[in-house]
Amino acid sequence: MTRKIIVGGVPIGGDAPVVIQSMLNTKTTDVEGSLAQIRQLAAAGCQIARLAVPNMEAAVTFAEICKESPLPLVADIHFDYKLAIAAAEGGAAKIRINPGNIGGEDRVQAVVEACKARNIPIRIGVNGGSLDKRLLEKYGHPTAEALVESAFEHLALLEKYDFYDTCVSMKSSNVPTMVAAARLFREKCDYPIHIGVTETGPVRMGLMKSAMGIGSLLLDGIGDTIRVSLTDDPVEEVYAAKDILKAAGLRKEGVNIISCPTCGRTQIDLIGLVNKVDAALKDCQKPLTVAVMGCVVNGPGEAREADIGIAGGDGCGLIFLKGQPVEKLPYDELLPALLQRIETL
Ligand code: SF4
């Protein structure tokens, strides 16, 4: 089991459930816009949000945002230790910084002291795209071994000052590399790991890469917190993260829809119906399996494990509960009837 850290009241690691994170794409200097996006993320199910803090002006507004935020906030900082200290003083729940990149051990010590004084954990965020030149020369390119070595170099700097309240990410845009890096790291130590594929490309492929990379690790029992990086609205990252957790069997809340691929026996607009069921139940938190099947011959049987379902007929359909038919209805009445029954389950 990994070590546990606490980020603004949210436990990461140990026996805690896998935590969903996302990152804002608003300007941190836009306090109202950032707060609006944090509220959207929270409503979608995000548990921790990260903001870029690229300069002192952003550090000041980051502190203002922290005061009003419904979620614990992570300050994302590159290079400037003064920004890390300002974010810690301003209410950050976690600081993401790489101590090897901030120039001098006195600076590392200053950041460690600012975090220790407030019980603020640090995330070391190693990224294949910005790996140290020395490691690139040693390994030829950003391999899993290079990412892990980089993570341990940064960790050693924090451990030198007795700081262990750390989690680590080793991200790459290459799925096999990020999976191998996390596996290798997990063999060597018990720091919690933040997992995600980075720079994932257009949304469809981004979802594929994230599901593969994050999903493979979760099935191995690796990964304490996840961020799905998508070139899209961050709220979509949260929905995708929830779906990956659900598919990996790690999230019971929310509806799991099973539906058949359709075939020559289908006589209703099943694809349209599945999309409508999905949209209607997107925010339903009941731990239900709902089946939407194309025919009464095979549908209820194939979906025997579902709590409730629809099986299509010729312009009509059956509602069934645990594989047993309970009601036959015209096509247009199927969706409202299904939703009404789900209300009562
Ligand atoms: Fe075809 Fe019926 Fe199976 Fe759907 S449930 S794929 S319609 S046989």
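Start at the ligand: its shell holds four nonpolar, three polar and two charged residues. In this scheme Ala, Val, Leu, Ile, Met, Phe, Trp, Tyr, Cys and Pro are nonpolar, Asp, Glu, Lys and Arg are charged, and the others, Gly among them, are polar. The model is predicted, so local features need pLDDT of at least 70 and side-chain atom pairs pLDDT 80 or more, while totals for chains, interfaces and linings use all residues. Numbering runs from 1 along each chain as its sequence is written, and side-chain values use heavy atoms, without hydrogens and water.

Select C260, P261, C263, R265, T266, G294, C295, N298 and E302. These surround the ligand (a heavy atom within 4 Å of it).

Next, the largest pocket. Its volume is about 500 Å³ (the space filled by probe spheres set on grid points, joined across faces, edges and corners). A pocket is an open set of points on a 1 Å grid over the protein atoms alone, where a 1.4 Å probe fits, with protein on both sides within 12 Å along at least five of seven lines; lining residues have an atom within 4 Å of a point. Pick Y239, D243, K246, V255 and D278, the closest to the centre among 23 lining residues.

Now colour α9 (234-247). This helix (a DSSP run of H or I, at least four residues) gives the most to the lining, seven residues. The lining has eleven nonpolar, three polar and nine charged residues.

Move to the second largest pocket, about 390 Å³. Select A16, P17, V18, L245 and L250, nearest its centre among 19 lining residues. Seven nonpolar, seven polar and five charged residues line this pocket.

Conventions
Helix = DSSP H or I, 4+ residues; strand = E, 2+ residues; numbered from the N terminus.
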